[in-house]
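Work through these exercises with the structure in view. Try each task before you read its solution.

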Amino acid sequence: MVARVRPRQLALALPHAESLTRDNFLEGSANAQALALIDAWPDWPNRVMMLVGPEGSGKSHLASIWAAEAGARSVAAHTLTAANVPGELATGALVVDDLDPAAFDERALFHLLNLAREDEAYVLMTGRALPSVFPVELRDLRSRLRAVPVVALTPPDDQLFRALIVKFCADRQMTVDEGLVSYLSTRIERSFAAARRTVEMLDEEALRLRRPVTRALAAELLKDPAA
């Protein structure tokens, strides 16, 4: 007689919408200057500005807040072409999201910066690296990028980090207590990306095992021998 093997319960990879409104933005010392820039618009020191920070630090969230206020369109930096620049700038304001030093069209970006200056349009770029260190071949573009004012987002402090864990859990409709939040905040890398990834894995594991989201489950997931 062949023994039956019980199928392993799989968690469904359902999308979880993250609210990108002003009311759902978590403020802290790590993002205070960047938030102040968004709130100061249109009184910016330059019509072209850039937000720089690590993965998950809130750059896109802030850009979304500004886009709603300024009536800006948004384009992924790697999809920008010289041909579509005029259309992207049609509203007089544009978000260029995730400007990666190795993944953008130099001529398209140069055209964008020139046209924005001519049309007196506003441009908010986001990325993880300072534009001044981009390995750019076009000399004029290199000069333009070095002149762009940058506002940096820094790693979260303890208060903001704990609030992020709670927010990411709430985004996934996970009910958590203070004990679990305190446990996670002291055992995972203090970064926005780590908080998001850990909450995602914890949610998937709880669904797979059909168990509540608890400190004990987190300890098993993190393979914590001291728990």
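A salt bridge is a side-chain nitrogen of Lys or Arg within 4 Å of a carboxyl oxygen of Asp or Glu. This is a predicted model, where local features need pLDDT of at least 70, side-chain atom pairs count only at pLDDT 80 or more, and totals for chains, interfaces and linings use all residues. Residues are numbered from 1 along each chain as its sequence is written, and side-chain values use heavy atoms, with hydrogens and water left out.

**Exercise 1.** Find where Glu205 and Arg208 lie, and describe how their side chains meet.

Solution. 
- Step 1: Locate the pair. Both Glu205 and Arg208 sit in helix 8, three residues apart, about one turn of the helix. Helices are DSSP runs (H or I, at least four residues), numbered from the N terminus.
- Step 2: Check the distance. Their side chains form a salt bridge at 2.8 Å, N to O.
- Step 3: Judge the cover. Arg208 is buried, with a relative accessible area of 18%. Buried means under 20% relative accessible area, exposed over 50%, partly exposed in between (1.4 Å probe, protein chains only).

**Exercise 2.** Describe the salt bridge between Asp158 and Arg190.

Solution. 
- Step 1: Read the distance. The two side chains meet at 3.1 Å, N to O.
- Step 2: Asp158 is in helix 6 and Arg190 is in the loop between helix 7 (178-187) and helix 8, so the bridge ties together parts 32 residues apart in sequence.
- Step 3: Judge the cover. Asp158 is partly exposed, at 37% relative accessible area. Arg190 is partly exposed, at 37% too.

Methods
Helix = DSSP H or I, 4+ residues; strand = E, 2+ residues; numbered from the N terminus.
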